[in-house]
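Student: Could we go through this structure together, a few residues at a time?
Tutor: Gladly; let's have a look.

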Amino acid sequence: MNQNPHADRIFVAIDTTDLERAISLCRPLGGIVGGIKIGKEFFVAHGPQGVRRLCEASKLPLFLDLKFHDIPNTVAGAVRAALPLKPHIVNVHAAGGMAMMRAAAAAAAEAGADRPLVIGVTVLTSLDNDDLKAIGMVGSAAVQVQRLALLAREAGLDGVVCSPHEIAAVRAACGPGFKLVVPGIRPAGSAMGDQKRVLTPAEAVALGADVLVIGRPITAADEPARAARSVVAELAAA
Ligand code: C5P
C-alpha cells in the first residue's frame, strides 16, 4: 500500500479473461491505488496461479471477489483454500445465512494477524424489487439490504458490499467501523457503462464508503495509470 488514505481505498476491478491484458493493466497501478479486485471471470480462466501473477505484477493488496455461497463447511473450506493467496478482502453472500457467515469468518481467522477482511454481499444490484418478489423475497431491495447487513454484522463479518444508493442507510444501521465496499463508482465526466445508479468517488466517501471498487473508468481508459491518478486527485481535492 502507498499510505495515501485516498488512494488506499480504491480497488481496481480487473475483469478480463486475457492474462496478458490483465498483467499489463496491473503493472502500472502499483503505488497509485490501494489494490486490485479479481473476480470469477479472471479466476475461472486462470486460477490461483493467475491471481499470483497479477499480485506480483502490481505489488498491490488483493480483493478476491469470488462471492462464496454454499453450505457452511464448503464455504469455510473455500475461504481456507484462499488464504495462501494472502487476500486483503474475501467475500461471501450474506444470503447464505448466519452459520455460513460465521464459518467463513472463523476460517479467515485461522490466518491470524494477516487474516483477510470477510465482506458480505447483500442484494446484487442487478436485481430489482420485481426480481426479488419472483424469488419469494418479501419487502423491497432496500429493506433486504439492511436485514442482510445487520445479519452479517451479527455473524462477525467485517462489512458488506452495497450500492452507492445504499451507503447512508447501511452506515446508519450498522454504525462506524463496519466496512462498506462500494462498486458503481463513476469519476466526474466518465461513461456510465451498464451501471445505472452511480456516484462519484468523493460523493461515495462523503456518505461513508470505505472501499471504492472502480473498473472500466480506469481499465478502459487510454492510459489506466493516468485515469487512476486522476481519481486519487479528485478524492484528495474533495
Ligand atoms: O467497470 P465497473 O466500474 O462498473 O466495475 C464494477 C465492478 O464491481 C465489477 O467487477 C462488477 O462485477 C462489480 N460489482 C458491481 N455491482 C455489484 C457488485 C459488484 O458492479 N453490485
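Tutor: Leaving aside neighbours within four places in sequence, Ser58 is in contact (heavy atoms within 4.5 Å) with Cys26, Gly30 and Ile36. Before going on, note that this is a predicted model, where local features need pLDDT of at least 70 and side-chain atom pairs count only at pLDDT 80 or more, while totals for chains, interfaces and linings use all residues. Residues are numbered from 1 along each chain as its sequence is written, and side-chain values use heavy atoms, with hydrogens and water left out.

Student: Is Ser58 buried or exposed?
Tutor: Ser58 is found in helix 3; helices are DSSP runs of H or I with at least four residues, strands are runs of E with at least two, and both are numbered from the N terminus. Its relative accessible area is 2%. Buried means under 20%, exposed over 50% and partly exposed in between, with a 1.4 Å probe and protein chains only, so Ser58 is buried.

Student: How are the axes of helix 2 and helix 3 oriented, roughly parallel or roughly antiparallel?
Tutor: The axes of helix 2 (residues 19–26) and helix 3 (residues 40–58) come within 10 Å and cross at roughly 30°. Axes are lines fitted to C-alpha atoms, for helices over the stretch in contact, with angles from 0 to 180 degrees between N-to-C directions. Angles under 35 degrees count as roughly parallel, over 145 as roughly antiparallel, 65 to 115 as roughly perpendicular and the rest as oblique. Helix 2 is therefore, relative to helix 3, roughly parallel.

Student: Which residues of helix 2 make the contact with helix 3?
Tutor: On the helix 3 side, the contact is made by Phe42, His46, Gly50, Arg53, Leu54, Ala57 and Ser58. Their partners on helix 2 are Leu19, Glu20, Ala22, Ile23 and Cys26.

Student: Which side chain does Lys37 join in a polar contact?
Tutor: Lys37 has its place in strand 2 (residues 35–39) and is buried, with a relative accessible area of 10%. A polar contact is a pair of N or O atoms within 3.5 Å; within protein, one must be able to donate a hydrogen and the other to accept it, and residues adjacent in sequence count only if both atoms are side-chain atoms. At 2.5 Å, the side chain joined to that of Lys37 belongs to Asp65.

Student: What separates the C-alpha atoms of Arg80 and Glu110?
Tutor: Arg80 is found in helix 4 (residues 72–82) and is partly exposed, at 39% relative accessible area. Glu110 lies 30 residues apart from Arg80 along the chain, and the separation of their C-alpha atoms is 7.8 Å.
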